[in-house]
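Work through the exercises below with the structure in view. Each task is followed by a worked solution.

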Amino acid sequence: MESYLDASVEIAREAGALLAQMAKAPHEITYKRKSDLVTDADRRSEALILERLRSRFPKHAIVAEESGEKKSDSDYCWFVDPLDGTTNFAHGFPVFCVTLGLAYRDEVIAGVVYDPMREELYTAERGAGAYLNNRRITVSKTARLAESLLATGFPPFANNHELNIQYYYRFTQLTHGVRRPGSAALDLCSVAAGRFEGFWELKLNPWDKAAGSLLVTEAGGRTSDLHGGPFNLRGEEIFASNGLVHDEMLQVFSEVLAGSSGVTRP
Ligand code: IPD
Ligand code: CA
Ligand code: CA
């Protein structure tokens with residue numbers, strides 16, 4: 001078990017160093033869809049990570065953003081986002097990371113998120129706590145939504161933002177503010193580290209949230225869907241909080257949804 005985390009740390013640091021190096025040079029940008037960018041750095045980081053994972057864990061399954069799924073009979077599956085925060089990276093806004101999560105039968109058991117610009121390394125193993133640069137982290141103790149700082153994100157394709165803009169609008173009125181930093185994995189780590197009280201997003205992929213969701217629960221926080229149902233790694237939504245503001249936020253999601261007839265969900 002320890003070796004899984006050690007291996008993922010080593011690989012994430014190596015890929016992060018590559019991203020930090022590539023961040024200094026101009027990028028080759030292509031589009032998957034409108035507003036959905038991919039750069040040469042996404043591809044090179046993913047190639048490096050896949051090569052390392054395949055040579056160390058040849059039997060494990062891998063789900064990676066740029067190359068899809070490598071199926072296997074193994075119950076172990078790596079979820080890989082070689083560059084979370086591509087739009088930021090492409091614009092030179094230095095908020096992005098590498099993230100790897102290892103799941104056993106779809107339950108995340110180890111995760112790493114590495115922010116190479118701040119040299120912040122977040123790690124967690126199921127049952128063993130959450131760490132930032134090897135120091136234990138815990139979620140914030142703020143119990144009131146009115147004293148909270150939140151974050152959300154919007155998927156990088158058009159026509160799917162209406163409901164989330166309503167959530168964003170309402171929470172902006174009720175809190176110290178809602179940030180939109182542009183890297184879901186780092187947003188989840190900020191909940192784990194007590195920087196944000198809560199984070200939600202409506203349409204994420206498993207590689208965006210595998211490691212970060214474990215960081216939150218291992219730091220003492222709570223994850224669910226936006227209705228308070230169980231968090232599902234393969235589902236689209238995530239709502240993560242310090243636990244203390246969770247019910248109050250669920251109430252707001254439900255009120256906004258009830259008053260949002262005619263607004264399309266993503
Ligand atoms: C994106 C980021 C962003 C989130 C988007 C994701 P990418 O991942 O995590 O914060 O809002 O939904 O797709 O494309 O930069 O790997
Ligand atoms: Ca991502
Ligand atoms: Ca990505």
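This is a predicted model: local features need pLDDT of at least 70, side-chain atom pairs count only at pLDDT 80 or more; totals for chains, interfaces and linings use all residues.

**Exercise 1.** Determine where ligand 1 sits and how many residues surround ligand 1.

*Solution.* Next, list the neighbours: 17 residues surround the ligand, and the closest are Asp84, Gly85, Thr86, Gly182 and Glu201.

**Exercise 2.** Describe the shell around ligand 1 by class and by origin.

*Solution.* First, sort the shell by class: 6 residues are nonpolar, 5 are polar and 6 are charged. Second, consider the strands: S5 (residues 76–84) supplies the largest share of the shell, 3 residues. Third, consider the domains: domain 1 (2–137) and domain 2 (145–259) each contribute at least three residues.

**Exercise 3.** Which protein atoms lie 3.2 Å, 2.9 Å and 2.5 Å from an oxygen atom of ligand 1, and how much of the ligand does the protein bury?

*Solution.* A polar contact requires N or O atoms within 3.5 Å.

- At 3.2 Å is a side-chain N or O atom of aspartate 81.
- At 2.9 Å is a backbone N or O atom of alanine 184.
- At 2.5 Å is a side-chain N or O atom of glutamate 201.

Finally, turn to the area: ligand 1 taken alone exposes 380 Å², of which the protein buries 92%.

How values were computed: Residues are numbered from 1 along each chain as its sequence is written. Chains are lettered from A and ligands numbered from 1 in the order in which they are written. Side-chain values use heavy atoms; hydrogens and water are left out. A residue is near a molecule or strand if one of its heavy atoms lies within 4 Å of it. A polar contact is a pair of N or O atoms within 3.5 Å; within protein, one must be able to donate a hydrogen and the other to accept it, and residues adjacent in sequence count only if both atoms are side-chain atoms. Accessible areas come from the Shrake-Rupley method with a 1.4 Å probe; for residues, only the protein chains shown count as cover. On a 1 Å grid over the protein atoms alone, a cavity is a set of points where a 1.4 Å probe fits but cannot get out, and a pocket is an open set with protein on both sides within 12 Å along at least five of seven lines; lining residues have an atom within 4 Å of a point. A molecule sits in a cavity or pocket if more than half of its atoms lie within 2 Å of its grid points. Helices (H or I, at least four residues) and strands (E, at least two) are DSSP runs, numbered from the N terminus. Ala, Val, Leu, Ile, Met, Phe, Trp, Tyr, Cys and Pro count as nonpolar, Asp, Glu, Lys and Arg as charged, and the others, Gly among them, as polar. Domain bounds come from an automatic or database domain assignment.
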